[in-house]
Amino acid sequence: MTDWVILLQNLANGVLMGGVYALVGVGLTLVFGVMRTINFAHGDFVVLGMYAAVLFNALLGFDPYLSLVIAVPVGFLTGMLVERLVLARIVDAPPESALLATLGISLIIGNAILLTVGGEPRSVQVAYASTTISIGGVHVSMVLLVAGAATVAAIAGLYALLHRTEIGRAIRATAENRLGAELVGIDTRAIHAIVFGLGTMLAVVAGVTLIPLLFATPTNMGAVFTLKAFVVTVLGGLGSVGAAIAGGIVLGVVEVLGASYLASEYREAYGLAAFLLILLFRPEGLFGRTVKRV
Amino acid sequence: MTTHLVGLGVLVVVGAVYPLVFPGALTIAIAVLLFAGWATAWDVLGGWNGQVSLGHASFVGLGAYVVAIGASHGIAPWWALPLAAVAAAVLAYGWGWTTFRLRGPYFSLSTIAVAEILRLIAINEGWLTGGATGVFIATLPEPFGIDLFSRTAQFYLALAFAAGVIATVIVVSRIRFGYQLRAVREDEEAAMAAGLDPTGVKLRAFMLSAALTAVGGGLYGMVLAFIEPHVIFSLLLSVQIALTSIIGGRGTVWGPAVGALILVGAGEAFRTTFAQANLLIYGVLILAVVLFVPRGIVGELVRRHVRRRYARRAQS
């Protein structure tokens with residue numbers, strides 16, 4: 001292979017991985033944008049989605065992607081429930097409280113999975129897991145393409161919801177100014193519950209989409225996903241849904257290019273280093289619009 | 001002040017006789033004391049100064065690695081521990097210098113990233129750290145014929161560590177620096193208006209917190225005698241240290257120690273029920289604390305005590 005084909009291959013891998021990262025990050029950024037809560041349990045909801053697909057596949061024998069039919073509504077309701085039972089009670093407390101509460105939820109989810117399903121890595125067996133499509137010498141993984149399509153669909157759906165419906169207007173109003181939204185008659189408590197439900201649902205969708213590629217493990221993986229989601233949202237700009245795509249792609253490309261042209265052991269570190277640099281020099285994110293410094 | 005000194009005295013006396021009374025339960029007592037020390041050290045930054053770090057496992061790991069690598073080069077622990085403290089302070093200086101421009105959740109996020117990068121370095125730089133498999137501490141010197149691998153000796157070292165950190169915090173809470181810490185925590189702008197340099201204060205708090213944590217990390221290395229980067233640099237250890245302090249009561253002298261007693265005790269009590277899932281109890285407890293006692297256990301007790309005293313004074 002010539003150099004530029006390798007480069008194209010790397011870029012394609014990076015962009016596709018980036019699509020996956022964007023899918024993981026978009027729920028986190030939605031929740032942060034509206035509720036100003038950094039959801040430490042986000043990655044654990046992703047893992048929950050993975051286990052939903054694993055169990056669906058193992059117990060019923062259907063294609064893991066079909067578990068979305070159940071996982072999407074259940075994820076939405078779980079998120080709403082968590083918001084109602086926990087976050088709604090501390091909405092006026094210092095922002096740290098919400099961070100700590102979601103950290104607690106994260107520990108509970110991870111360890112509850114460990115208790116019920118066990119600690120050994122689980123995945124699904126599907127025929128298309130290793131299928132690749134070749135375009136001009138560049139190979140792309142089928143599952144990653146599906147994940148990319150899911151990202152585009154999820155973000156397009158979210159965009160339509162936010163900009164084309166009455167609930168979306170209410171969500172955007174709440175994000176902009178909670179008190180102002182309440183003054184014009186928006187039930188911001190209900191909006192918060194819906195938004196957290198949506199965020200959880202997006203995390204679960206990401207988990208189901210990813211399961212043919214990865215092995216699910218209960219406790220560590222949640223933290224890894226949460227960190228990735230943070231990196232994605234901070235790279236793109238916290239609170240901006242469209243920027244999550246850009247942030248995800250930047251992260252994917254930085255990791256893949258760093259791993260292939262620099263030392264590959266430090267693959268994860270390149271993303272984290274980019275994350276720290278962005279936090280330090282452009283805390284509003286590469287594509288964020290708010291110019292206020294944190 | 002006197003209450004704190006009495007408490008410290010009780011801790012030292014109870015600790016001194018503990019190995020004679022419960023010689024079979026030393027390992028768990030060491031865990032309580034190490035966590036008490038780490039959580040109290042974390043609290044210098046996280047409680048008194050209000051900067052929530054989720055990366056303190058880095059300093060635990062740094063301390064453990066300095067002691068282990070030192071031991072393999074014939075450097076005795078009593079030289080390696082101060083060295084670890086200095087190395088941690090230097091690391092905290094560089095780390096804080098870059099990240100203290102960020103506030104609140106942004107700072108917490110950056111600490112996770114820095115700790116992850118350190119973990120990757122420990123795993124990949126095998127020439128220094130033994131790589132992913134970790135390092136053994138094969139031999140330790142025997143000062144005055146004391147075997148540093150024995151649990152009793154390690155218990156007294158951990159006791160000295162915990163008591164030392166708590167004593168440091170008692171002193172810090174009384175001196176000018178302690179008031180600066182609290183001023184910056186409450187309102188950075190107001191502190192700046194009063195002539196303080198918030199970044200400088202946070203940096204010094206971070207360095208002190210890091211140095212103390214690394215000393216405990218060095219002791220932990222001796223207790224484990226085998227240091228794996230996955231364990232010692234894990235996010236879970238960072239989270240455990242932070243939660244111990246928060247559940248016990250941030251910004252109080254005894255809160256982190258009480259938190260350590262409760263959490264390590266609860267972890268041990270549920271070990272048989274939950275096996276490796278004993279962090280579940282941390283999750284449940286932190287939720288309970290955030291929802292019902294946001295000041296933490298000791299913080300809430302102190303608040304009630306203060307209110308009662310004011311009420312009594314108002315009546316008389």
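Q: What makes a stretch of residues a helix in this predicted model?
A: A helix is a DSSP run of H or I with at least four residues, numbered from the N terminus. Helix α7 of chain A, for example, covers residues 178-183 and holds both Arg178(A) and Glu182(A).

Q: How do you know that Arg178(A) and Glu182(A) meet in a salt bridge?
A: The cut-off asks for a side-chain nitrogen of Lys or Arg within 4 Å of a carboxyl oxygen of Asp or Glu. The N to O distance for Arg178(A) and Glu182(A) is 3.9 Å, so the pair qualifies as a salt bridge. The two residues are 4 residues apart, about one turn of the helix.

Q: Why is Arg178(A) called partly exposed?
A: Partly exposed lies between the limits of under 20% for buried and over 50% for exposed. Arg178(A) has 32% relative accessibility and therefore counts as partly exposed.

Q: What makes Glu83(A) buried or exposed?
A: Buried requires under 20% relative accessible area. Glu83(A) has 2%, so this residue is buried. Its side chain meets that of Arg84(A) in a salt bridge of 3.7 Å, N to O, while Arg84(A) is partly exposed at 35% relative accessibility.

Q: Why are Arg169(A) and Glu166(A) said to be separated by about one helical turn?
A: They are 3 residues apart in helix α6 (residues 166-176) of chain A, and this spacing is why the separation is given as about one turn. Glu166(A) counts as exposed because its relative accessibility is 58%, where exposed means over 50%.

Q: Why can Leu55(A) belong to a nonpolar surface patch?
A: A patch residue needs over 30% relative accessible area, and Leu is on the list of nonpolar side chains. Leu55(A) reaches 33%, so the area requirement is met. The patch of about 790 Å² also includes Phe62(A), Val69(A) and Ile70(A). Helices α2 (42-60) and α3 (68-85) of chain A each supply at least two of its residues, and Leu55(A) lies in α2.

Q: What makes the patch with Arg313(B) positive?
A: Arg308(B), Arg309(B), Arg312(B) and Arg313(B) form the patch. Lys and Arg count as positive, so the patch is called positive. Arg313(B) lies in helix α16 (residues 297-315) of chain B and is exposed, with a relative accessible area of 53%.

Notes:
Residues are numbered from 1 along each chain as its sequence is written. Chains are lettered from A and ligands numbered from 1 in the order in which they are written. This is a predicted model: local features need pLDDT of at least 70, side-chain atom pairs count only at pLDDT 80 or more; totals for chains, interfaces and linings use all residues. Side-chain values use heavy atoms; hydrogens and water are left out. Patches are made of residues with over 30% relative accessible area and no salt bridge: like charges are joined within 9 Å, nonpolar side chains (Val, Leu, Ile, Met, Phe, Trp, Tyr) within 5 Å. Accessible areas come from the Shrake-Rupley method with a 1.4 Å probe; for residues, only the protein chains shown count as cover. The place of a charge is taken as NZ of Lys, CZ of Arg, CG of Asp or CD of Glu. Buried means under 20% relative accessible area, exposed over 50%, partly exposed in between (1.4 Å probe, protein chains only).
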